[in-house]
Amino acid sequence: MTVEIYSASVCPFAHRTRLTLLEKGVEFNLTEIDLENKPDWFAEVSPYQKVPVIKHGENRIWESAIINEYLEEVFPNPPLMPQQPEKRALARIWIDFAETRFVNAFYKMLLSQDPEKQQKWKRDFLNHLLFMEQEGIGKLSGGGSYWFGDSPSLVDIAFYPWFERWSVLAHYRNFSLPPECKHLKQWREAMSQRDSVQAIANPPDFYISQYEKYAYNTASGITAQEMRDS
Ligand SMILES: N[C@@H](CCC(=O)N[C@@H](CS)C(=O)NCC(=O)O)C(=O)O
């Protein structure tokens, strides 16, 4: 049964799902959605009117982190979650961290126009990176290239799309990965070399132009609105 995915190449959340499908070698059909001009039928497909959404037989799943866990359960090989319960719990903690803290600070730093607020979100984002370096990959990778060692997991996939979009932070907010983040730097390099990542990678300029409306806070989509208000 082929997976149907509704996606947008600019979207980091959809990027997570595409990477999971590619890592698992799952057959899929992709429908690209123009988020600036969503087709009328999209409201029927996507309850939140966002990408990604997948359809798999009778099942329709949305929310990238949940989709990825669904894919892990339905297509268990190669596994993208550790086997031991305590490590699985840690994986979920880090996926939640990506969701609630890391991603949030990324968007807030970009959407804020007030220099003081930008500074506040830069500090928050920096602290998140240092925490990921020290408590996350630095402790858990055991010398391997990925979060849990020698092979990638849903944690690596939960974070990577924002690292591919780093040119946006560098260009609009003059923000670079701090030198203390040595593990994260090596990890970013290892991830960028994976076949799955290379198969769908976009160049830095693509993201710089696509995120201009976020950086000047003129984006009118649902996601920008929610990030602005929360
Ligand atoms: N929490 C959702 C977020 C998905 C999301 O925000 N997608 C954006 C694109 S990156 C979207 O489709 N936004 C619709 C809009 O802005 O109108 C997930 O993890 O799937």
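Predicted model: local features only at pLDDT ≥ 70, side-chain atom pairs only at ≥ 80, totals over all residues.
1. The division of the chain. The chain is divided into domain 1, which covers residues 3-74, and domain 2, which covers residues 85-229. Taken over C-alpha atoms, the centres of domain 1 and domain 2 are separated by 20 Å. Where the two touch, the contact takes 16 residues from domain 1 and 19 residues from domain 2.

2. The domain 1 side of the contact. On the side of domain 1 that touches domain 2, the elements giving two or more residues are α1 (12-24) and α3, and α1 gives the most, with eight residues. Sorted by class, this side of domain 1 has six nonpolar, five polar and five charged residues.

3. The ligand. The ligand is surrounded by 14 residues, and the closest of these are Cys 11, Lys 50, Ser 64, Gly 221 and Thr 223. Two or more residues of this shell come from each of α3 (64-74) and α12 (222-229). By class, the shell around the ligand holds eight nonpolar, four polar and two charged residues. Because domain 1 (3-74) and domain 2 (85-229) both give residues to that shell, the ligand lies between them.

4. Helix α4. This helix runs over residues 85-111, and its 27 residues reach 38 Å from the first C-alpha to the last, which is close to the 39 Å expected at 1.5 Å a residue. When you follow α4 in the structure, look for a kink of about 40° centred on Ala 98. Ala 98 is also one of the buried residues of α4, a list that includes Trp 94, Ile 95, Phe 106, Tyr 107 and Leu 110. The cover over the buried residues of α4 includes α3, α5 (115-140), α6 (154-164), α7 (166-173), α11 (212-215) and α12.

5. Helix α5. With 26 residues, α5 reaches 36 Å from its first C-alpha to its last, close to the 38 Å expected at 1.5 Å a residue. A bend of about 40° is found in α5 at Glu 133, and Glu 133 is itself buried, as are Trp 121, Phe 125, Met 132, Gly 136, Ile 137 and Leu 140 of α5. These buried residues of α5 pack against α4 and α8 (182-192). Just after α5, Gly 142 takes a positive phi of about 55°.

6. Cis peptide bonds. Val 51 and Pro 52 are joined by a cis peptide bond, with omega about 0°, and Pro 52 lies in the loop between α2 (42-45) and β3 (53-56). A cis peptide bond also joins Asn 77 and Pro 78, where omega is about -10°, and Pro 78 is placed in the loop between α3 and α4.

7. Positive phi in residues other than glycine. Gln 49 is a residue other than glycine with a positive phi, near 60°, and Gln 49 is found in the loop between α2 and β3. Asn 174, which is not a glycine either, has a positive phi of about 50°, and its place is in the loop between α7 and α8.

8. How exposed these two residues are. Is Asn 174 buried or exposed? Asn 174 counts as exposed, because it has 9 C-beta neighbours inside 10 Å and the cut-off for an exposed residue is 12 or fewer. Gln 49 has 16 other C-beta atoms within 10 Å, so Gln 49 is partly exposed.

Notes. Residues numbered from 1 in each chain as written. Near = placed C-beta within 6 Å. Helix = DSSP H or I, 4+ residues; strand = E, 2+ residues; numbered from the N terminus. Nonpolar A, V, L, I, M, F, W, Y, C, P; charged D, E, K, R; others polar. Domains from an automatic or database assignment. Expected span 1.5 Å × (residues − 1). Bend = angle between axes of the 7 residues up to and from the residue. Buried ≥ 20, exposed ≤ 12 C-beta atoms within 10 Å, placed from the backbone. Contact = placed C-beta atoms within 7 Å.
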